[in-house]
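Trainee: I would like to learn how to read packing, pairing and charge contacts in a model. Please take me through one.

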Amino acid sequence: MTQLTHLDRLEAESIHIMREVVAECDKPVMLYSVGKDSSVMLRLALKAFHPARPPFPLLHVDTTWKFREMIEFRDRMAGQYGLDLIVHINEEGVAEGIGPISHGSAVHTDVMKTQALKQALDRYGFDAAFGGARRDEDKSRAKERVFSFRSAQHRWDPKNQRPELWSIYNTRVARGESMRVFPMSNWTELDIWQYIHRENIEIPSLYFAARRPVVERDGVLIMVDDERLPLEKGERPQERMVRFRTLGCYPLTGAIESEATTLLEIIRETLVTTSSERQGRVIDSDVGASMEQKKQEGYF
Amino acid sequence: MAAREDLASADIATYLAEQEQKTLLRFITCGSVDDGKSTLIGRLLFDSKLIYEDQLAAVERDSKVAGTQGEKVDLALLVDGLAAEREQGITIDVAYRFFSTDRRKFIVADTPGHEQYTRNMATGASTADVAVLLIDARNGVQAQTRRHAYITSLLGIRHVVVAVNKMDLVDFAQSRFDEISREFDELAGHLEFASATSIPVSALDGDNVTARSTRMPWYEGPALLGYLEEVDVSPQELAAFRMPVQWVNRPNHEFRGFCGTIAAGTVARGDAVIAMPSGRRSTVDRIVSFAGDLDRAVSGQAVTLTLADEIDVSRGDVLCSGDDPAEQSDQFAAHIVWMHAKPLLPGRQYRFKTDNQTVLGSVTDLKYKVDVNSFAKQAGKTLELNDIGVANIALAKPVVFAPYRDNRRLGSFIIIDRQSNETVGAGMLDFSLRRAANVVWQELEIGKAQRAAQKHQRP
Ligand SMILES: Nc1nc2c(ncn2[C@@H]2O[C@H](COP(=O)(O)OP(=O)(O)O)[C@@H](O)[C@H]2O)c(=O)[nH]1
């Protein structure tokens, strides 16, 4: 019999999960964060429902501090595939002037991302939200279910998760409760890159090395994406050859120096790299268990 | 990932093309507390170099605080998970780990060796192709080993490999290893494995984990990783086509596609199919995919089929090869694993969710419970958390199925509590307690007999 490759099997599993949600849930939504994992997740959705368009909207929680290119890329993808895109911004946070520079990464992420996401889910009454998280990203995710139950308050209780057997998923929730669904749970970072290569999936050019204006803060290279990043006295942005391993709010996302301008070069760098993906995310660099705390509070 | 260092100069495109041909193996590791499971998994991850320096630095830091290895890095800490568990110093759930070699990608279901054991192990085993059972060479086959072997077999894992660990503590003695593997073979003889293999290892030092050990020259088999790279778990070539219909894709009036993951066999354009339970027949018109139509699709692929005729097919149905449809029934004998603190109540209505539908039903009669250590049958009125039993179940409508032994996807179900929505149990269908009266069957029986007569062979 034709042997399916590991990518074939991962793809089939993800498609099965997405179809299950559409078959069983009332109002699903796909959280689209514009990064490479979201790009793969979107491709999987296009495949799962072809020739129909994915029968759910995409939701982007815009913290107002995303790289400009992310926003352009997002709108272009939505147009190209005729997708229903919902953009949600926490207007209360904007009114209070919350930002990563004035309030620090913890407050900013909580208000503009975690709270904003909950607002959006409540406002539209979504009962299932697809996310692109992978189990290999972080220790606390290794035990996460594919269908992750959330209380009406959006809380995740690591001690009280439903057992998940075979590919039979318990999608049932009471009113107000919801599911976070992770169709790419079993993918690794390398699988993602291999799949992007195999399927020729477009990703934002921020992943590719280019000369970009950066400043160095506490050893982290921050790109000066707009005039909101205050420069210290005498500090001047330098043009450096950099790329990003993950995309988020630009003041919170470290660049790495790299000459990798093609997909193959990126994959090569990924294979020989000696630091894990999350290292570039300023918000995770504190204590080991912090990700888990954020999750319990409703961070994706 | 052995080639990692050479990669800078290697032709990355060729390398990738090769990597994309890798297959996938899912396995579960089982052992009692302190048998060395975490150390073994940490070793596999570490030696396949999927540990990044920053993660290792964190482990080195943690080793000094919580490790059991003095100044040595405690690899077990690499695979410890949630904060709550770290405080207790034990793992409490099923965790999934990933690593890969140039031949295969591996997904490891890591289950802890204590209280919630049966539930967690059944969960991890449900998606595994292979089980790695750890035995401490000093202790040999224990009650737990019997339990692990039983659950492994119950969940339909066909290949089991016994890692006889801590060989360094028994002077790498062949006699001790032989004794344990004989004991295990005896045990495996009572269960339904296609293969049982024993490998002497020392997880702590890496002997026979990723590379053959020089300290046990008497052992001639593969290292554990070599075994895992080689073991053949490909689906049966000749099985009849089965595709549980998961969702019907109807974007407009012209298109009606039946979506599902192929559970057995293969399908090609023009194949005759029969939709069960209705028994309506048609042929496959197209196998639709995003990248263009396919000529053929195989077990494990998630596909969209269109049929030549407008027949009524919906979620819950199973498309089957035209001359060999699956059975259907509403009453079954089944093995059940209970997963909730509230015990099973025979007679109470639960939701039974199969691969592609949810049906109301109840357990009508609990035949017996199984003692997982002795495999003995015990009388019982109910199943408590972590109990396993054999019961009759009755569903509100017939479902299309195959015995779990023959097909995991078509023979499995979970049990959901109607009030709390929690998953309270999981089960495996053994056989139908009655054949649902059905015209399709007679027609088929006749068809089969005729064909056989034409070919001058017995049906
Ligand atoms: N001497 C020796 N000790 C081992 C070996 N494998 C594991 N251990 C030790 O056994 C103890 C339990 O190991 P651990 O991996 O935490 O066991 P788990 O409870 O099964 O995950 C630890 O102190 C390990 O260092 C081995 O091959 N030889």
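Trainee: Which strands of chain B does helix 5 of chain B lie across?

Mentor: Ground rules first. This is a predicted model, where local features need pLDDT of at least 70, side-chain atom pairs count only at pLDDT 80 or more, and totals for chains, interfaces and linings use all residues. Residues are numbered from 1 along each chain as its sequence is written, chains are lettered from A and ligands numbered from 1 in the order in which they are written, and side-chain values use heavy atoms, with hydrogens and water left out.
Now the elements: helices (H or I, at least four residues) and strands (E, at least two) are DSSP runs, numbered from the N terminus. Helix 5 (residues 117–126) of chain B lies across strand 1, strand 2 and strand 3 of chain B. Its direction is at about 170° to strand 1 of chain B. Such angles run from 0 to 180 degrees between N-to-C directions, with axes fitted to C-alpha atoms, for helices over the stretch in contact.

Trainee: What is the strand order in the sheet of chain B?

Mentor: Strands pair if DSSP finds at least two bridges between them. In chain B, six strands form an open sheet in the order 2-3-1-4-5-6, with mixed pairing. Strand 2 (95–100) and strand 6 of chain B are the edges, each pairing on one side only. From one strand to the next, the twist averages 25°. Chain A contributes too: helix 1 (residues 6–24) of chain A packs on the sheet and touches strand 1 and strand 3 of chain B. Contact here means heavy atoms within 4.5 Å. The direction of helix 1 of chain A makes about 75° with that of strand 1 of chain B.

Trainee: How many bridges join strand 1 of chain B to strand 3 of chain B?

Mentor: Seven, in the parallel sense, with strand 3 covering residues 104–110 of chain B. One example is B:Leu25, whose bridge partner in strand 3 of chain B is B:Phe106. Strand 1 of chain B also pairs in the parallel sense with strand 4 (residues 130–136) of chain B, over four bridges. There, B:Thr29 partners B:Val132, and B:Cys30 partners B:Leu133.

Trainee: Which way do the residues of strand 1 of chain B point?

Mentor: General idea first. In a regular strand the side chains alternate between the two faces of the sheet. Here B:Thr23, B:Leu25, B:Phe27 and B:Thr29 point one way, while B:Leu24, B:Arg26, B:Ile28 and B:Cys30 point the other way. Eight of the eight residues in strand 1 (residues 23–30) of chain B are buried. Buried means under 20% relative accessible area, exposed over 50%, and partly exposed in between (1.4 Å probe, protein chains only).

Trainee: Now rings. How many aromatic pairs does the structure hold?

Mentor: A pair of aromatic rings is described by the distance of the centres and the angle of the planes. Rings of Phe, Tyr and Trp (its six-membered ring) pair if their centres lie within 6.5 Å; planes under 30 degrees apart are stacked, over 60 edge-to-face, the rest tilted. The structure holds 20 aromatic pairs over all chains. One of them, B:Phe177 with B:Trp218, is tilted, at 5.6 Å centre to centre and 40° between the planes. The two residues are 41 apart in the chain. B:Phe177 is buried at 6%, and B:Trp218 is partly exposed at 22%. B:Phe332 and B:Phe401 are edge-to-face, with 4.8 Å between centres and 85° between planes. B:Phe332 is in strand 16 and B:Phe401 in strand 20 of chain B, so the pair ties together parts 69 residues apart in sequence. Both B:Phe332 and B:Phe401 are buried.

Trainee: Which residue forms a salt bridge with B:Arg434?

Mentor: A salt bridge is a side-chain nitrogen of Lys or Arg within 4 Å of a carboxyl oxygen of Asp or Glu. B:Arg434 forms one with B:Asp330, the closest N and O atoms being 3.0 Å apart. These partners are 104 residues apart, with B:Asp330 in strand 16 of chain B. B:Arg434 is partly exposed at 42%, whereas B:Asp330 is buried at 13%.
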